[in-house]
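I opened the notebook to log what I looked up in this structure. Entries follow in the order I made them.

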Amino acid sequence: MPILSVLSLLAKPPPPKEAAHSSATRPAASRLIKTVKYLQGLRSENTELSAIDPVLIHLTRCCEHYDDIAEELRQCSEALSALLLMLRHTENAQVRGKALWALLEPLQQRLQRAMERLEAVTS
């Protein structure tokens with residue numbers, strides 16, 4: 001498959017959540033999810049901890065968002081690595097501005113959306 005075809009596939013949004021997730025590729029998100037589940041278990045055993053209920057609900061939602069954002073960032077990173085490899089090994093090292101822009105612009109848009117989502121989750 002030509003490298004441009006690979007890059008065009010990587011520039012597309014990630015597949016639905018069920019197909020995109022693999023806990024092995026996101027250890028930080030997995031630790032966060034495990035910690036939140038542990039806290040939820042402690043909360044269910046101790047009624048005195050009811051004050052943390054709103055925070056646990058918020059953290060549960062954040063876990064879902066962080067996992068999605070991490071996948072988006074991972075895919076963008078892979079696409080940029082493939083683009084750099086292509087540029088490094090191309091016979092004609094001179095890529096015209098519009099062609100390079102066409103390759104980079106979709107990735108930049110995806111990175112921008114991921115950053116906006118991350119900022120929305122953390123605010």
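**Entry 1: confidence**

Over which residues does pLDDT stay under 50, and how many contacts beyond four places in sequence does the model have for them? I found residues 16–25, with 10 such contacts. Here pLDDT is the predictor's confidence in each residue, from 0 to 100, and a contact means heavy atoms within 4.5 Å. Where pLDDT is low, the predicted coordinates should not be read in detail.

I noted the ground rules next. Residues are numbered from 1 along each chain as its sequence is written, and side-chain values use heavy atoms, with hydrogens and water left out. This is a predicted model, so local features need pLDDT of at least 70 and side-chain atom pairs count only at pLDDT 80 or more, while totals for chains, interfaces and linings use all residues.

I then looked up the averages. The protein has a mean pLDDT of 75, and 72% of the residues score at least 70. Among the elements, helix H2 (residues 17–20) has the lowest mean, 45. Helix H4 has the highest, 85.

**Entry 2: overall layout**

I counted secondary structure as DSSP runs numbered from the N terminus: helices are H or I of at least four residues, strands are E of at least two. The protein has 5 helices and 0 strands. Its pattern along the sequence reads α-α-α-α-α.

I checked burial next. Buried means under 20% relative accessible area, exposed over 50%, and partly exposed in between, with a 1.4 Å probe and protein chains only. Of the 123 residues, 22% count as buried. The accessible surface comes to about 8,600 Å², and carbon and sulfur atoms hold 61% of that. These areas come from the Shrake-Rupley method with a 1.4 Å probe; for residues, only the protein chains shown count as cover.

I also looked at contact range. Taking contacts between residues at least 6 apart in sequence, 77% join residues at least 24 apart.

**Entry 3: salt bridges between helices**

How many salt bridges does the structure hold? I found 5. The rule is a side-chain nitrogen of Lys or Arg within 4 Å of a carboxyl oxygen of Asp or Glu.

I started with Asp-53 and Arg-43, whose closest N and O atoms are 2.6 Å apart. Asp-53 lies in helix H4 and Arg-43 in helix H3 (residues 27–45), so the pair ties together parts that are 10 residues apart in sequence. Asp-53 is partly exposed at 26% relative accessibility. Arg-43 is buried at 17%.

I moved on to Arg-110 and Glu-72, whose side chains meet in a salt bridge at 2.6 Å, N to O. Arg-110 is in helix H5 (residues 97–122) and Glu-72 in helix H4, so this pair ties together parts 38 residues apart in sequence. Both residues are buried.

Which residues are linked with Glu-71 in a network of salt bridges? I found Arg-74 and Glu-78. Glu-78 and Arg-74 have their closest N and O atoms 2.3 Å apart. The two are 4 residues apart in helix H4, which means a separation of about one helical turn.

Glu-71 is also placed in helix H4. Its side chain makes a polar contact with that of Arg-74 at 2.5 Å. A polar contact is a pair of N or O atoms within 3.5 Å; within protein, one must be able to donate a hydrogen and the other to accept it, and residues adjacent in sequence count only if both atoms are side-chain atoms.

Glu-71 is buried at 3% relative accessible area. Arg-74 is partly exposed at 27%, and Glu-78 is partly exposed at 38%.

I looked up Gln-75, which sits in helix H4 (residues 53–89). Gln-75 counts as buried at 10% relative accessibility. From Gln-75 to Arg-110 is 35 residues in sequence and 9.5 Å in space, C-alpha to C-alpha.

Met-115 lies in helix H5. Met-115 is partly exposed, with a relative accessible area of 39%. Met-115 and Leu-73 are 42 residues apart in sequence and 8.9 Å apart in space, C-alpha to C-alpha.

**Entry 4: cysteines**

The cut-off for a disulfide is a pair of cysteine sulfur atoms within 2.5 Å. By this rule I count 0 disulfides. Cys-62 is buried at 6% relative accessibility. Cys-76 is buried too, at 0%.
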